[in-house]
Amino acid sequence: MTKEETYLLPVDESSFTDRLSTDRSFPFHADMQKILFGKQLLLEELPFPLEEIRQHEQHGYLLFRKGIKRELLSCVRCGTTDASWFAEFPCARCGKVEFYCRKCLMMGRISECSQLVSWAGPDLNFRQIADPLQWSGKLSTGQQAASQQVAEAVENSAELLVWAVAGAGKTEVLFAGIAEALSTGKRICVATPRTDVVLELAPRLQKVFPDCKIAALYGGSEDRHEAAQLTIATTHQLLRFYRAFEVMIVDEVDAFPYSIDQTLQYAVEQARKPKSSLIYLTATPKKQWQQQCRLGKRAFITIPARYHRHPLPVPQFIWFGNWEKQLSKGKLPAISSKWAEARLAAGKQALIFAPKIAAMEKTLRILRRMDPSIESVHAEDPDRKAKVIKFRNKEIPILLTTTILERGVTIPNIDVAVIGAEDRIFTESALVQIAGRAGRSAEFPTGTVTFFHYGKTEAMLGARRQILMMNKEGRKKGLIDR
Amino acid sequence: MKDYCLICHQEIKANFSWTTLFREEKAAKICGDCSDNFSPITGEICEICGRPFAFLEAEYKLEKRCNDCARWEEDEQWRGTLDQNRSLYRYTDFTKEVIAKFKFRGDYVLAEIFAEDVQLALQAFHYDYLVPIPLSGERLYERGFNQAEALIVTAGFEPTQLLSRVHSEKQSKKSRSERIHHPQVFEFTTDLQLNSKTILLVDDIYTTGSTLRQAAKILKRNGAAKVYSFTLAR
Ligand SMILES: [Zn+2]
Ligand SMILES: [Zn+2]
Ligand SMILES: [Zn+2]
Ligand SMILES: [Zn+2]
């Protein structure tokens, strides 16, 4: 596309519905329908000649929306209104100085002269797959109850929160609901914040739904233009969808900071159809949602116990003073060093969470004096995968980390500690997730969880409360053996 | 208003100390962690291309020049084309990532990170015209801006357009041998008289030095006396 060919149409959303009812005899391009149905793509992302795009637009088969709203500065694609995410630049395309959104920059820069293009022609219809589920596994009692409710929510286009403790086996809980959707020709999306979850989930679901076309979408994936009936996407990739799904399943949302959460909520609302079911999966819902559950204002179901029927390890709080000051002197508070020494002596693997990379590296230097094979890993560590594998193979006795490791990472027999558990970054849900790393396997269902802190926080207390509550409920419902 | 790091979007906390107290403090564009990740080029460098010798094995240099430059200077066709290049940072993975986000993702505002350093660096040169390496029309449309021009403007200087990219169609009309031996990438597109003027070319990175020499050659052929270049990284 060259500058002379620039095709900028000032079309606003209000004319969308008017133009929907017009002429349906236009011989539209089936590939365009496939690529743009339920999507919102930038004009430059479209693999079609401009003339063809123009014709479809003129016949009311495409909807154009401005990418950035100036009145109340906001990004139409990601919903950002926070001014700190916008910047200005002199645009060579339109010749004006204009705003662009930095929040969703990785999806292709969207500025004031950008157009988001969606399909406005006839719907793309999906197949009704008879008996789509090929699975012979068995659900636990807790899973069974949740599974049934998910299927009902899918049938009734309702909203449901599935509150399942770490290790409950929540993926299997979705099977019946997805099967229900596929057999009635509905389009489904499973959205998760992390690429590794997409990569883990896609083959797993493909195996049990062999007749269904599945698209796995993440940054750099190749299925970008697939119009699949079942889409598994990172929440980022949801930003390319617009009124696409009849069933929207959102996984693991609560371990993430508020700013991501806001974008996520916006993306979910944009991507689902106005009439659709919305299912949230979480090990630890945020405060506001917990309260709504208690007050009966939110439909929810809990799976309070793990598949292996043992209770969740309850975190122990240990005050260890001004640890940052100690660290700056090259020391670790004695009680936490002893903790590490004891694990090394007993040959028990451990996972230690630190609030910041700098603190983690300092701790690493100190711990390595005890054992040089101790390692650290953070979210952007290029060797992250290799280190996780080494940890799983028991080549690393203690692994320090600033991030919740991949969901697939269930190291069988570990103790877990947090240093500086009072840090803001450790929200209630993050702490519940962290505690959930211990005692995952049926073979080693126990493991200790220790929060080393310099002052208890509301988040720490909340996390412990949540875990105790789940154990109590699990016992009451007969889902825990002891 | 709060300041956020342009790279990691962390809030930048005001860092009061005795040294900053007495100095006029400009609003920081990036946080300390990100700032530490850049590796400024210091110490001994190649007298022509500005490559730091500290990271170069002895066999890759010849007295005050790196082997690459020595080779350029041996070639009659290219000898003395580019008088001197200077760059700010080493092209580390971190710098590479930031520059990629700046030019390929089109994050224009990242130019502000470098504004102060670029300003100081450009002031160290004596020149008549500050010339950004141009993009093709197609690239310019794709990216929405020329990254070299963005660096110049953001640092508070005025760019002069003397060159443009030769259209690829024009290129393909030439014979094969012509293209290989005279791969004309740029053409001189101005009425300005360059008689005995000094030009300072600006680009984001110096990789092989070929692009800058191509541009320098055209400029000298059109009367420039000296051609220097400045890049963000190398
Ligand atoms: Zn945005
Ligand atoms: Zn523009
Ligand atoms: Zn930063
Ligand atoms: Zn050199």
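A salt bridge is taken here as a side-chain nitrogen of Lys or Arg within 4 Å of a carboxyl oxygen of Asp or Glu. In chain B, D83(B) and K226(B) form such a pair, with their closest N and O atoms 3.7 Å apart. The two residues belong to distant parts of the chain, 143 residues apart: D83(B) sits in the loop between α3 (67–74) and β3 (84–89) of chain B, and K226(B) in strand β8 (residues 226–233) of chain B. Helices (H or I, at least four residues) and strands (E, at least two) are DSSP runs, numbered from the N terminus. D83(B) is partly exposed, with a relative accessible area of 24%, and K226(B) is likewise partly exposed, at 36%. For these classes, buried means under 20% relative accessible area, exposed over 50%, and partly exposed in between (1.4 Å probe, protein chains only).

The model is a predicted one, in which local features need pLDDT of at least 70 and side-chain atom pairs count only at pLDDT 80 or more, while totals for chains, interfaces and linings use all residues. Residues are numbered from 1 along each chain as its sequence is written, chains are lettered from A and ligands numbered from 1 in the order in which they are written, and side-chain values use heavy atoms, with hydrogens and water left out.

Chain B as a whole has ten helices and eight strands. Of its 234 residues, 45% count as buried. Among contacts in chain B with a separation of 6 or more, 71% come from residues 24 or more positions apart; contact means heavy atoms within 4.5 Å.

Where chain A meets chain B, 18 residues of chain A are in contact with 17 residues of chain B. The area buried between them is about 1,600 Å², of which carbon and sulfur atoms give 56%. Buried area is the accessible area (1.4 Å probe) that two parts lose on being put together, summed over both. One salt bridge is counted between the two chains: D107(B) pairs with R102(A), the closest N and O atoms being 2.8 Å apart. Twelve residue pairs in polar contact are also counted between chain A and chain B, both residues being at pLDDT 80 or more. A polar contact is a pair of N or O atoms within 3.5 Å; within protein, one must be able to donate a hydrogen and the other to accept it, and residues adjacent in sequence count only if both atoms are side-chain atoms. On the side of chain A that touches chain B, strand β5 (residues 86–90) of chain A gives the largest share, four residues.

The structure holds 32 salt bridges over all chains. In one of them, R298(A) is joined to E159(A), with the closest N and O atoms 3.5 Å apart. R298(A) lies in the loop between α8 (287–294) and β14 (300–303) of chain A and E159(A) in strand β8 (residues 159–164) of chain A, so this pair ties together parts that are 139 residues apart in sequence. R298(A) is buried, at 15% relative accessible area, whereas E159(A) is partly exposed, at 40%.

A further salt bridge links the side chains of D423(A) and K356(A) (3.3 Å, N to O). Because D423(A) lies in the loop between β19 (414–419) and α13 (428–435) of chain A and K356(A) in the loop between β16 (349–353) and α11 (357–367) of chain A, the pair ties together parts that are 67 residues apart in sequence. D423(A) counts as buried at 18% relative accessibility, and K356(A) as partly exposed at 48%.

R240(A), in the loop between β11 (230–234) and β12 (245–251) of chain A, is buried at 9% relative accessibility. Its side chain makes a polar contact of 2.8 Å with that of E45(A). Not counting residues up to four places away in sequence, the residues that R240(A) touches include G38(A), M107(A) and R224(A). S337(A), in helix α10 (residues 334–346) of chain A, is also buried, with a relative accessible area of 14%. Leaving aside neighbours within four places in sequence, S337(A) is in contact with L332(A) and M370(A).
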